[in-house]
Amino acid sequence: MLLCFSFRSSLLMLSLLVVVVVTTTTTTTTTTTTCLAVSFEDSSASQISAVTINREIRLESNTTSIDPHVLAPRRTYRKDPFNGLKIYTGGWNITSPHYWHSVVYTAVPFFAIAVIWFAVFGVCLSLICLCYCCSCQREPYAYSRIAYALSLIFLICFTLAAIIGCIVLYVGQGKFHTSTINTLEYVVRQADATSQNLTNVSEYLSAAKQINIDQVSLPPNLQTDIDQIQNTIDSAAATLSNKTQDNSKRIKNLIQSVRLALIVLSAAMLLLTFLGFVFSILGMQLPVYILVITGWILVTGTFILCGIFLLLHNVTGDTCVAMNQWVQNPTAHTALDDIMPCVDKATSEETLTKTKQVTSQLVDSINTVISNVSNINFAPNFVPLYYNQSGPLVPSLCNPYNPDFTDRACTPGEVDLNNATQVWSGYVCETSSANGICVTMGRLNPTLYGQMAATVNVSNGLNEYGPFLVELEDCTFGRETFMDIQEMYCPGLREHSRRIYVGLVMVATAVMLSLVFWVIYGRERRHRAYTKHHIEADNKQHDIGAQI
């Protein structure tokens, strides 16, 4: 029987030794691999937003890839387990299964730990139960005060470590959730703003088609071009907004699910650790054994979550590096289109050209009316051109573009689009309600002034959106957005995902060791009680014998 008991103890210690050695070795390997994969990303938490990114940028700039559509090729240079362990060379691309396969490969060590822990500890528990069931007689106990004290000390230490790990995990998941949601909302706001600006341009172009200044309107061919470009603009705006919203919803759903899983896990582990400690101290064997089996399964799941969050941590780093590289060389039709697509360059160029053409045409229409109607003193028989124009001549409107649509400076005597309506208001006369003839001095009747003011408003609106369309043309809006994400959000995302990863490792390891020491401490506690009982019984018999 003593041999059977020693066998059970040896099995338990063997399982502890195997799992600890494997955990330490694999975790070290994982940490080394992760550091290489993220270019020494976690060397210092205070330097994560500077040193890490700079090293990754230098590594990416030295890559031999010449395809600008492949983002972060060096950082994503990993083995693909589903492609014969060949190196994945497709760069950052969240829509590519091979990219995800290569990222999953970085988390294999933790999945291996989960499998080894589940198998080894499960076999040991089975053998211990089998040996216990075969033992019908109580075996003699050997009690050691040192073993009892050490088991209690280790039990307390690992319990505290598990509690600290649960706190780190809970705080980390909260901050990671907040950082991720803030990042997504920022991307959605930027995409919505861009989409709204495109819609505004389309509305201004639509209003331009309705412009009629004293029976002078845009040429029919230009109105047809406006219809075509409106369709293109509306399609681009809808695609930008819808794709961003859809991706944001999918990512938010994933984040909410991960957050719920982490909250439930941290609460379960905290409760498990507390109850296991209390039941062990009180010597309640059956509840301890039940918690050991429960913890055995939970620890396995926690190691799997460690691998998943290491995966997410690497994806976050890949995304930040991809954004960094794209900022240096913005290109349409890259994998970043799945986050916030860049408007097609041909579409933005065509839109910019048409807005300049329409603006220039509207200004020419106003100036034609000013030169040929308002500033000429017609005879009364030239109706409807005559409305008793008189007084100083109306200044012409400044055309902001040359015939080749390059920027043009205003000449003296011209009024700018920004203050034209205010200047022209001084040239408006009062008219007779009967025939619309001016009864006071002025060269613009209220109707003509209203038409000119509406035209100026449309022209000014199209002109003001010129810089925005230029930013669309060279993807400046995307570059600025990703630069802001990289500078303001990436450091937090990477740091908080790392904290979750560390918290999970702490919880899994501490609870794993606590499970073992629950059993070891329970064994030492029984030994102590058994030895104390037999010593008291022996003393009692000795006293009885002495009295006799």
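Ile 146 lies in helix H5 (residues 145–209); helices are DSSP runs of H or I, at least four residues, numbered from the N terminus. The model is predicted: local features need pLDDT of at least 70, side-chain atom pairs count only at pLDDT 80 or more, and totals for chains, interfaces and linings use all residues. Numbering starts from 1 along each chain as its sequence is written, and side-chain values use heavy atoms, without hydrogens or water.

Ile 146 is exposed, at 62% relative accessibility (buried, under 20%; exposed, over 50%; partly exposed, in between; 1.4 Å probe, protein chains only). With Leu 150, Ile 153 and Phe 154, Ile 146 forms a nonpolar surface patch of about 390 Å² accessible area. Such patches join nonpolar side chains within 5 Å, each residue having over 30% relative accessible area and no salt bridge (a Lys or Arg side-chain nitrogen within 4 Å of an Asp or Glu carboxyl oxygen).

The structure holds three disulfides, defined by cysteine sulfur atoms within 2.5 Å. Cys 320 and Cys 490 form one, with sulfur atoms 1.9 Å apart. This pair links helix H7 (residues 285–328) to helix H12 (residues 476–547), 170 residues apart. Cys 320 is buried at 3%, and Cys 490 is buried at 1%. The S-S torsion is about -105 degrees, so this disulfide is left-handed.

Cys 398 and Cys 410 form another, at 2.0 Å. Cys 398 is buried; Cys 410 is partly exposed, at 38%. Cys 429 and Cys 438 are also bonded, at 1.9 Å. Their torsion is about -45 degrees, so the disulfide is left-handed.

Key:
Patch = residues over 30% accessible without salt bridge, like charges linked within 9 Å, V, L, I, M, F, W, Y side chains within 5 Å. Areas by Shrake-Rupley, 256 points an atom, 1.4 Å probe, with all protein chains shown as cover. Helix = DSSP H or I, 4+ residues; strand = E, 2+ residues; numbered from the N terminus.
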